[in-house]
Amino acid sequence: MGMMAALGLSAMGIQVQRQRMDITSQNLANASSTRTPEGGPYRRKDVVMMSMPMEFETSLKTFMFGNKVQGVKITDVVPDPTPGKQIYDPSHPDADTNGFVAMPNVTPMQEMVDILSASKIYEANVTAFNLAKQMVMRTFEIGVA
């Protein structure tokens, strides 16, 4: 795989994980939002990712990977269909006639695990990007010397 392809692959991973962290942060921020502009409680959002073939051509890529190098992209952000909890709080402004309030389907512990996972993958991609960048710079230094 060429150095530019390695940089591109890492950059793609960084972008996807940043978007994933943004969506997860939105979920956490709205974990107690019982009213949205659409009506009803906030619905947790989920990121849908899909593998995508990388567009680069080298004989080394074909030899080592057999044209199977895949990147990743976010194809959609969808609402999680899991129902939220109902809590009894007749004094809440969003309580129904029986005194129950529909809560968001956000579980803070799950969101923290998701954001930690995205953060670690983001860091790994930054490390890979920096290593590839260092190799490119060293190649230029060797070529000049």
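Author: Read along the sequence, the protein chain runs α-β-α-β-β-β-α, with three helices and four strands. The model is predicted: local features need pLDDT of at least 70, side-chain atom pairs count only at pLDDT 80 or more, and totals for chains, interfaces and linings use all residues. Residues are numbered from 1 along each chain as its sequence is written, and side-chain values use heavy atoms, leaving out hydrogens and water.

Reader: What makes a segment a helix or a strand?

Author: Both are DSSP runs numbered from the N terminus: helices are H or I with at least four residues, strands are E with at least two. Asparagine 105 is in the loop between β4 (100-102) and α3 (108-144).

Reader: Why is asparagine 105 called buried?

Author: Buried means under 20% relative accessible area, exposed over 50%, and partly exposed in between (1.4 Å probe, protein chains only). Asparagine 105 has 7%, and is therefore buried. Buried residues make up 27% of the 145 residues in the protein chain.

Reader: Which residues are in contact with asparagine 105, leaving aside its neighbours within four places in sequence?

Author: Contact means heavy atoms within 4.5 Å. Tyr42, Arg43, Arg44, Asp80, Thr82, Pro83 and Gly84 are in contact with asparagine 105, those neighbours left aside.

Reader: Which backbone oxygen does the side chain of asparagine 105 reach at 2.7 Å?

Author: That of threonine 82; the side chain of asparagine 105 also reaches the backbone oxygen of aspartate 80, at 3.0 Å.

Conventions: Polar contact = N/O pair within 3.5 Å; in protein donor to acceptor, adjacent residues only side chain to side chain.
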